[in-house]
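Dear colleague,

Here is the structure that I promised to hand over. Please look through it first, and then read the notes below it.

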Amino acid sequence: MTYESGLLRLLDERGYIHQITDPGALDQRAAKGIVPGYIGFDATAPSLHVGSLVQIMMLRRLQQSGHKPIVVMGGGTTKIGDPSGKDESRKMLTSQGIDANIASIRTVFEKLLTFGDGPTDAVMVNNDEWLSKLGYIELLRDVGPHFTVNRMLTFDSVKLRLDREQPLTFLEFNYMILQAYDFVELARRYDCALQMGGSDQWGNIVNGMELGRRMEGRELFGLTTPLLTTADGAKMGKTAAGAVWLNEDALPAYDFWQYWRNVDDRDVGRFLKLFTDLPLDEIARLEALEGAEINEAKTILANEITALVRGEKAAKAAESTARDTFAGGGAGEDLPSYSAGAGGERLLHILTGIGFTASNGEAKRKIAEGAVKIDGDVILDAGYVVHVHEGQSLKLSLGKKKHGLITP
């Protein structure tokens, strides 16, 4: 459909929209005035990973089109655990650990959103503020009557766990009730009218809308993004070496830059729309490049996203390191490094330790395939021990795309 509001036009043009509960009504409301909208993020680690970046960018689009982003950190819900897409219960964290994670995660949001007291300035709130004060009897009396167990059992987040005969605790079963109550509380406090999220959150979002209508008589809306996978079907943000973290202290800027530089050719245009602010006509030009020229688009993609998430300086340093490493045959200063120690270290342990392989078994296979080089020399011995003299470093390469330094 054709949208009148700048918000839905922007989200539609850049590929964010999967489902909207009432597109026409939301479009009219967004065209007439400011719509406060939120997305929730649980604080299970000190950093979110690339899989969450599409949601963060959607909040950025909300603000860019003149509306108010609300970042909800799940200080309360993190204590329980979202069963969506999980096969087992979440590890319990202390309140102090959750607070530390939220403080760390906020640093990324501050780069992508403008926070403040203005009508379209972003705010970050912690749902522990209201959930921890909600009495159990009060919850049962005021919220409980609006949910049926029959319907809750039909939600994918619950049904998949039960179908796999995986335990689903009563604690986790309550997660969807608390998330729905978040929407009600945000509507009361901030006149929040829109919840956004991934397609796996559709059931939870609809729950919150219905609860807001029943408890408050409010018209609320939900919008979800498509399930984001790479062209080869892999889940976004996961690599053989682990998650692609957004925070600098969780993953060096060079590795973050390389993740985007090495994306599949088929993903370039889509990722430029979702994760950069480049104009659509420029993206169309870059997307049309073929052969070796597509590498120009990939470099721009890596630079733009790294600049947004890590800063301009980090993006330029990462590109410079890549240029020195690949074009000049040297070893840039920002390459990941691993210390072999005074007594040396087995090569397969170094490959795993630096994050090039997920296990020693994989490292052994790569060595046998002739994919591993040290200072340009192929190493075929899985038992090879690397020694590095003080004041020197060796360049480690796995294939054509992964490079690092081995230090003393």
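This is a predicted model: local features need pLDDT of at least 70, side-chain atom pairs count only at pLDDT 80 or more; totals for chains, interfaces and linings use all residues.

Residues are numbered from 1 along each chain as its sequence is written, and side-chain values use heavy atoms, with hydrogens and water left out.

Helix 12 covers residues 253–261 and is largely enclosed by the rest of the structure, because 8 of its 9 residues are buried (helices are DSSP runs of H or I with at least four residues, numbered from the N terminus; buried means under 20% relative accessible area, exposed over 50%, and partly exposed in between, with a 1.4 Å probe and protein chains only). Among the buried residues are Tyr254, Phe256, Trp257 and Trp260.

The count of salt bridges comes to 17, where a salt bridge is a side-chain nitrogen of Lys or Arg within 4 Å of a carboxyl oxygen of Asp or Glu. In helix 10 (residues 175–190), Glu185 and Arg188 lie 3 residues apart, about one turn of the helix, and their side chains meet in a salt bridge at 3.4 Å, N to O. Glu185 is buried at 9% relative accessible area, whereas Arg188 is partly exposed at 36%.

Another salt bridge links Arg266 to Asp264, with the closest N and O atoms 2.8 Å apart; Arg266 is exposed at 57%, and Asp264 is partly exposed at 28%. Salt bridges that share partners also join Glu129, Glu185, Arg188, Arg189 and Glu216 into one network.

With best wishes

Methods: Helices (H or I, at least four residues) and strands (E, at least two) are DSSP runs, numbered from the N terminus.
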